[in-house]
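The following exercises concern one protein model. Please work through each task before reading its solution.

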Amino acid sequence: GYIVGPSVDLTGADLSGVDLSGADLAGVISGNITGTPTLPSAYLMAGGYIVGPGANFSNAVLTGVDLSGANLSNADLTGAGLTGANLTGANLTGVDLTGADLTGVISGNITGTPTL
């Protein structure tokens with residue numbers, strides 16, 4: 001019952017049993033998602049968010065979320081709350097972290113240089 005494509009807002013959706021493996025999730029907006037959908041190989045579920053390349057996390061609250069090893073290339077994290085999040089081994093190529101709260105972020109082995 002959801003229309004899925006670039007820049008779609010799936011906030012609060014119940015994606016139990018939904019197969020998104022062929023979907024273009026660039027620009028996807030998410031949060032408070034329930035269920036575990038099947039996602040394209042570059043994406044994963046973390047803290048109720050669909051995480052992957054080009055995702056839109058502008059002003060999202062990602063406090064303490066484990067994003068270790070995630071491919072966040074070209075994601076929009078402007079103004080995101082990342083307090084205590086784990087970004088170890090994440091791909092941050094082309095990521096915009098302008099205004100993001102990076103207090104207590106766990107990091108290391110990060111790929112790419114994000115905009116701060």
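Predicted model: local features only at pLDDT ≥ 70, side-chain atom pairs only at ≥ 80, totals over all residues.

**Exercise 1.** State which residues Asn109 touches, leaving aside residues up to four places away in sequence, and how far Asn109 is from Val8.

*Solution.* Step one: with those residues left aside, Asn109 touches Gly89 and Ala90. Step two: between Asn109 and Val8 there are 101 residues of separation in sequence and 31 Å in space, taken from C-alpha to C-alpha.

**Exercise 2.** Describe the largest nonpolar core.

*Solution.* Step one: this core has 33 residues, and those with the most contacts inside it are Ile50, Phe57, Leu67 and Leu72. Step two: strand S2, residues 49-51, supplies the largest share of the core, 3 residues. Step three: beyond four places in sequence, the residues that Phe57 touches include Ile50, Leu72 and Ala80.

**Exercise 3.** Classify the aromatic pair that Tyr49 and Phe57 form.

*Solution.* Step one: a search of the whole structure finds 1 aromatic pair. Step two: Tyr49 and Phe57 form this pair, with 5.9 Å centre to centre and 65° between the planes. Step three: planes over 60 degrees apart count as edge-to-face, so the pair is edge-to-face. Step four: both Tyr49 and Phe57 are buried.

Note on methods: Residues numbered from 1 in each chain as written. Heavy atoms only, no water. Core = buried A, V, L, I, M, F, W, Y, C linked by side-chain atoms within 4.5 Å. Buried < 20%, exposed > 50% of the residue type's maximum accessible area, 1.4 Å probe, protein only. Helix = DSSP H or I, 4+ residues; strand = E, 2+ residues; numbered from the N terminus. Contact = heavy atoms within 4.5 Å. Phe/Tyr/Trp six-rings, centres within 6.5 Å; stacked < 30°, edge-to-face > 60°.
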